[in-house]
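Hi,

Here is the structure I promised to pass on to you. Have a look at it first, and then read on for what turned up.

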Amino acid sequence: CACDPKPNLWRAATDNDGIKLWDGQDSKPLGRWLALGLDAVSEKQSPASIETGTPGEILLTTRRHLSGRQGRPMGIFETRFVFDARDSFLVRHRLEMNGPEFDDLPRVGVLWTLAAGLENLRYFGLGPQENYPDRQSGALLGVHGGAVSSQFFPYVMPQETAHHGGTRWVELSSSDGRRLRFEFETPLGFSAIHFTPEMLFAAKRQNDLKPAPETFLAIDAAHRGLGSGSCGPDTLPKYQTGPGPHEWSYRVRIS
């Protein structure tokens, strides 16, 4: 895997967020997010720090300064890796945004780019269908799974898909026995598909999409509800992301 999870604040807008090929969407969430530059976040990384913790622990901390268009400061994203075992390590994230205008983000999380071949998915969370904070009453808490390629739903207009909330752990494995397991300290949301949010947002129709061989694993501390903004009211405030700061952590096991 690429053991450098990237901050992930963007989602491929749903029609309820704002229809990406139509004008007149400025007052909708998509219009606000585009104005903030959430679709074009850049990073400036400070030098990583390495220190020792308790006996046998090595701590690696990275800090990224996030900016939008024209270099507009957005916030600081910090990750701490705690290497304390031969076959696993702990990951802790913290995101602090600059100002109240960032109190309703599409999502707050990270995106892992995992090696090709990790196609078999199992997880303990809400499923088996995709579900979002305001769309969970019909989902069942349990162990679900399948092929990563089966997680993607082919909406006519490519958009956000495959999220599962209330997740305790996610496991991805390959036919040759490689395995990655992510164990969440508190229930989080995730998706595992062969597309990044940017790939989905750029596509106008399904035949614009070509799945990548890699699996993109999104781990979300918060994810905005869907609401009904294409023909009704927006997402209720309790299903929006809130101002933070946001902190989340999990253990990665490799076998």
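A word on burial before anything else: a residue is called buried under 20% relative accessible area, exposed over 50%, and partly exposed in between, with a 1.4 Å probe and protein chains only. Please keep in mind that this is a predicted model, in which local features need pLDDT of at least 70, side-chain atom pairs count only at pLDDT 80 or more, and totals for chains, interfaces and linings use all residues. Residues are numbered from 1 along each chain as its sequence is written, and side-chain values use heavy atoms, with hydrogens and water left out.

Let me start with the salt bridges, each being a side-chain nitrogen of Lys or Arg within 4 Å of a carboxyl oxygen of Asp or Glu. The count comes to 26. One of them joins Lys6 to Asp4, at 3.2 Å from N to O. Lys6 counts as partly exposed because its relative accessibility is 38%, and Asp4 is partly exposed too, at 32%. Another pairs Arg94 with Glu96, whose closest N and O atoms are 3.0 Å apart; Arg94 is partly exposed at 30%, as is Glu96 at 39%. Arg178 and Asp176 also meet in a salt bridge, at 3.2 Å from N to O. Here Arg178 is partly exposed, with 34%, whereas Asp176 is exposed, with 56%. There is also a network of salt bridges that links Arg122, Glu171, Arg179, Arg181, Glu183 and Arg253.

Next, the interior. A nonpolar core is a set of buried Ala, Val, Leu, Ile, Met, Phe, Trp, Tyr and Cys residues joined through side-chain atoms within 4.5 Å. The largest one has 48 residues, and those with the most contacts inside it are Trp112, Leu172, Phe182, Leu217, Ile219, Trp248 and Tyr250. Strand S11 gives the most to this core, with seven residues. (Helices, H or I with at least four residues, and strands, E with at least two, are DSSP runs numbered from the N terminus.) Leaving out residues up to four places away in sequence, Trp248 touches, among others, Phe77, Val91, Leu188 and Ile219, where a contact means heavy atoms within 4.5 Å.

Helix H1 (residues 29-36) has Pro29, Leu30, Gly31, Trp33 and Leu36 buried. Their cover includes strand S5 (73-83) and helix H2 (197-202). After H1 comes Gly37, with a positive phi near 80°.

Phe102 sits in the loop between strand S6 (88-97) and S7. Is Phe102 buried or exposed? At 1% relative accessibility, Phe102 is buried. Apart from residues up to four places away in sequence, Phe102 touches Leu36, Pro73, Met74 and Met97. Phe102 and Leu38 are 64 residues apart in sequence, and their C-alpha atoms are 9.5 Å apart in space.

Finally, the largest cavity is lined by 13 residues, with Arg107, Ser191, Ile193, Phe195 and Pro197 nearest its centre. Two or more lining residues come from each of strand S7 (107-114), strand S11 (179-193), H2 and strand S12 (215-223). For reference, a cavity is a set of points, on a 1 Å grid over the protein atoms alone, where a 1.4 Å probe fits but cannot get out, and lining residues have an atom within 4 Å of a point.

Happy to talk it through.

Best wishes

Terms used
On a 1 Å grid over the protein atoms alone, a cavity is a set of points where a 1.4 Å probe fits but cannot get out, and a pocket is an open set with protein on both sides within 12 Å along at least five of seven lines; lining residues have an atom within 4 Å of a point.
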